Amino acid sequence: MFQLYVFICLLACLQGRAVTIGPVSDLIIANGVVSPDGFTRSGVLAGGTHPGPTIVAQKGDTFKINVTNQLTNDSMLTSTSIHWHGLFQHHSNQMDGVSFVMQCPIALGHSFLYDFNATDQVGTYWYHSHYGVQYCDGLQGPLIIYNPNDPYSSLYDIDDESSIITLMDWYNLPSPLVQRQVIANSVLINGVGRYDRGPDVPFAVIDVQPGKRYRFRLLNMACKPNYIFSIDSHNLTIIEVDGQYVEPLVVDSIQIYTAQRYSFILETNQPVDNYWNMTNSDWDALNETSLHPLTPPSPRLLQEPDVKLDLVLGKNLSNFNFLINNVQYTSPSVPVLLQLLSGAMTAADLAPNGSVYTLPRNKVIELTFNPDNSPGGPHPFHLHGHSFAVIRGAGSTAYNYIDPVMRDTVNTGNTGDRVTIRFITDNPGPWLLHCHIDWHLSAGLAIVFAEAPEDVAASQPFNNASRQLCPIYNSIPQQIFPLPPVD
């Protein structure tokens, strides 16, 4: 477990704020030299910064993010795609940004306009590359959708870019060279950290004013680790989880897994001082089963499901790649969305064979994870296109059929756990379900749900720009980064 070094300064002053852009923006993806932990290397940057600029929007806004690829450093991937993590993409599946599921990557020298509406979604999200393990080279950033009618607005005074806290791991080698080691050199908090025996880079500092109530938005944008986050001598009141409002829950630490997000309220009611973030096993830590939604979930999620799927997580002991139900996910040469639009409708017709599950329209799907033979856990699993009810959480044998928390990324636990989630198939299209430890996804820990295949073509117009991505990508020399040998 990494020790997180950050301190909250109770001072009547403000620190320089992060770069922000609106929902209609150009976003250039280019290589740049960075040294977030004191070690200088080339990274993959969005908008020239690491982490990338915070994208801010208001409820109901339409996003038009024109992504231009200027990547030239071939020690890393030079094509790219962007996923908008947590946004459902209703009627805009082609904009979800997953390479070889919805689209081919954007080739060097080309642009693609991600054009979608987040409808009524609000809360804390993020964006990142979804091509190979590229986001581990720095292509990630927060995405916040503000709600002018936030039900908790009376509980806090400040909620802006100064109250965003990002957690990341950082590697001092290009990502293709660290796919087997999976050991981070440092932890970055708001883009700043230190590596072992490296220079004394100043710790991340968050300046706050005394006597105020802050809504902090905490994001784990790491490629692998989970973190325990706390602020010395302060309670944290959780009000949002993965874009979903929850009943206020007071804790003094939060264990946050890769890709998860939390909003918590912090009252600066202690004497003026510096307050360190610390880790300690004796805290009144967050227990996921204690989280309950502010608004009850659909009653359908609390009744007997229409479809039950058991997902057995495993590992191939000969090549050390990961498996789900004895199949390793490998990216198809033709994106699954294009296969569906070409008329493939059954799992047998869809590639990658054995990793695509067709689901009927408007049904309740129950997934149960068995992690007993899958080392490297706990594995945080993310479902694209949906939030889901956590019926049984990690570390618990109880099933909650009354008020389970809704979220989009769940810790699937350790040996003996049988984490169970449910969702409704109300969003036609191919949706990836995967471990968000990016190294594990790269090694096969994923499946695709082809949801209501017969309705995909009618649910969204497929634009010409999306059609052009694959011919352009297929016309360029392909990069091959084999996994380094096992230690």
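## Exercises on salt bridges and fold

In this predicted model, Asp150 and Arg215 form a salt bridge, with their closest N and O atoms 2.6 Å apart.

**Exercise 1.** Find where Asp150 and Arg215 sit in the chain, then decide whether Asp150 is buried or exposed.

*Solution.* 
- Step 1: Asp150 lies in the loop between strand E10 (140-146) and strand E11 (164-170). Arg215 belongs to strand E14 (residues 213-220). The pair links distant parts of the chain, 65 residues apart.
- Step 2: Buried means under 20% relative accessible area. Asp150 has 6%, so Asp150 is buried. Arg215, at 2%, also counts as buried.

**Exercise 2.** Work out which parts of the chain Asp372 and Arg418 tie together.

*Solution.* 
- Step 1: Asp372 and Arg418 form a salt bridge, with the closest N and O atoms 2.8 Å apart.
- Step 2: Asp372 lies in the loop between strands E24 (364-370) and E25 (380-383), and Arg418 in the loop between E28 (409-411) and E29 (420-424), so the pair joins parts 46 residues apart in sequence.

**Exercise 3.** Compare the chain's radius of gyration with that of a compact globule.

*Solution.* 
- Step 1: For 487 residues, a compact globule would have a radius near 23 Å.
- Step 2: The chain has 21 Å, which agrees.

Technical notes
Residues are numbered from 1 along each chain as its sequence is written. This is a predicted model: local features need pLDDT of at least 70, side-chain atom pairs count only at pLDDT 80 or more; totals for chains, interfaces and linings use all residues. Side-chain values use heavy atoms; hydrogens and water are left out. The radius of gyration is taken over C-alpha atoms; the globule rule is 2.2 Å times the number of residues to the power 0.38. A salt bridge is a side-chain nitrogen of Lys or Arg within 4 Å of a carboxyl oxygen of Asp or Glu. Helices (H or I, at least four residues) and strands (E, at least two) are DSSP runs, numbered from the N terminus. Buried means under 20% relative accessible area, exposed over 50%, partly exposed in between (1.4 Å probe, protein chains only).
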